[in-house]
Amino acid sequence: MNSTAGDISAEAKKRGKLLVLLEQAQDKLGCLPKEFMARLAASLGLSISEVYGLATFYSFLSPGPSGRNVIRVCKSLPCYLKDLLIESVKREIGVGPGETTSDGRFSFELTNCIGACDQAPAMMVNHDVYGGLTPEELPRILERYK
Amino acid sequence: MKEFSATINGSPVTARDGMTILEVARENGIDIPTLCYSPELTLTGACRICVVEVEGSRTLVGSCHTPIAPGMVIQTHSPRVLDARRVTMELLLASHPEVCIVCDKANMCDLRKIAADLDVGLPRFRLPKHYFPMEDVSPYITRDMSKCIQCWKCVKACSEIAKKNVYGIAYRGFKSKVVVDFDDQPMDKEVCRDCGICIPFCPTGALCKPSPVRQAKTARPLVITGTAQQ
């Protein structure tokens, strides 16, 4: 009831740092290997369960290895209702959600809302957002990512 | 401590600053069902079984985590409240395995008891169950995550009372699950020796003390792989 900014315990600070550290590692390593998560848990004094739990909650953090470029198609309601995109991406790169192409060029993932509902259907490739997509536009967009 | 009055089910009640609606109701002998609440743990507000109607509030509120305020007019068993509780219970049961008849928790199960109190039988919603392999390797605890309703009590009991943080909550939405380490092998932690604090907190048969029958079992455990498995 009476927790104010001044009361944040050392415990909370430890957990506060966790997400930032996971994000940085994801950027640098492209994924979050178990060995890394185990070391991070030990160094922050947290349990592995807690680190793994956080890492698997966010669709932008991936525990498994992924391709050089990550395609993230939004599966939240507005995009889902305009659902042609998933099938089109699948046709274009030959693998389905949760898979990586054999040449390691693309990983395909479904993600929760990326804040582009007004441009549904939307997707992200790495850090770039593409909205108002039609199947015809896909090849042109994807060829920019090698 | 400041005292003030409020109204529950038409009768005046006396409340003190900082009390929740649930605490005041229970103090006055009104039984509001709860699954994720325990007076020994921090508040969760996850199960939504304890919702009540507060005059002037657009939605029903969770009584376990809503502080009572002076002059509040509360209904704990109105038709609207009971309807909401029944649907919530149906949804909980819809993804809960229908194995009560062979479950170790049997008549000690809070989920089953509250379902009976609410007069909820077979749920209308037919959802795929989330089946997970039985985790009966540890000599200290047996976990059957197919029965888990994600009330967080075990997670909190472990971190707040036992101070061990064995559990975490992983994944998201329908896939979320209470996990141990990387969720890649059955729970078997040495820190659980002589603990078992989480077991009585479990409102379902998901956590149990290992039974002698299971300990004597020598064959490989039956592994059921459902669609919910990663």
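Which residues form a nonpolar patch on the surface of chain B? Before I answer, please keep in mind that this is a predicted model, in which local features need pLDDT of at least 70 and side-chain atom pairs count only at pLDDT 80 or more, while totals for chains, interfaces and linings use all residues. Residues are numbered from 1 along each chain as its sequence is written, chains are lettered from A in the order in which they are written, and side-chain values use heavy atoms, with hydrogens and water left out.

The patch consists of Tyr131(B), Leu222(B) and Ile224(B), which together have about 310 Å² of accessible area (Shrake-Rupley method, 1.4 Å probe, with only the protein chains shown counting as cover for residues). Patch members have over 30% relative accessible area and no salt bridge, and nonpolar side chains are joined within 5 Å, like charges within 9 Å; a salt bridge is a side-chain nitrogen of Lys or Arg within 4 Å of a carboxyl oxygen of Asp or Glu. Leu222(B) is exposed, at 67% relative accessible area, where exposed means over 50%, buried under 20%, and partly exposed in between.

Turning to the cysteines, the structure holds 0 disulfides over all chains, a disulfide being a pair of cysteine sulfur atoms within 2.5 Å. For Cys74(A), the nearest cysteine sulfur, that of Cys79(A), is 3.7 Å away, and Cys74(A) is buried, with a relative accessible area of 6%. For Cys195(B), the nearest one belongs to Cys198(B), 6.4 Å away, and Cys195(B) is partly exposed at 28%.

Finally, buried residues make up 47% of the 230 residues in chain B.

Methods
Buried means under 20% relative accessible area, exposed over 50%, partly exposed in between (1.4 Å probe, protein chains only).
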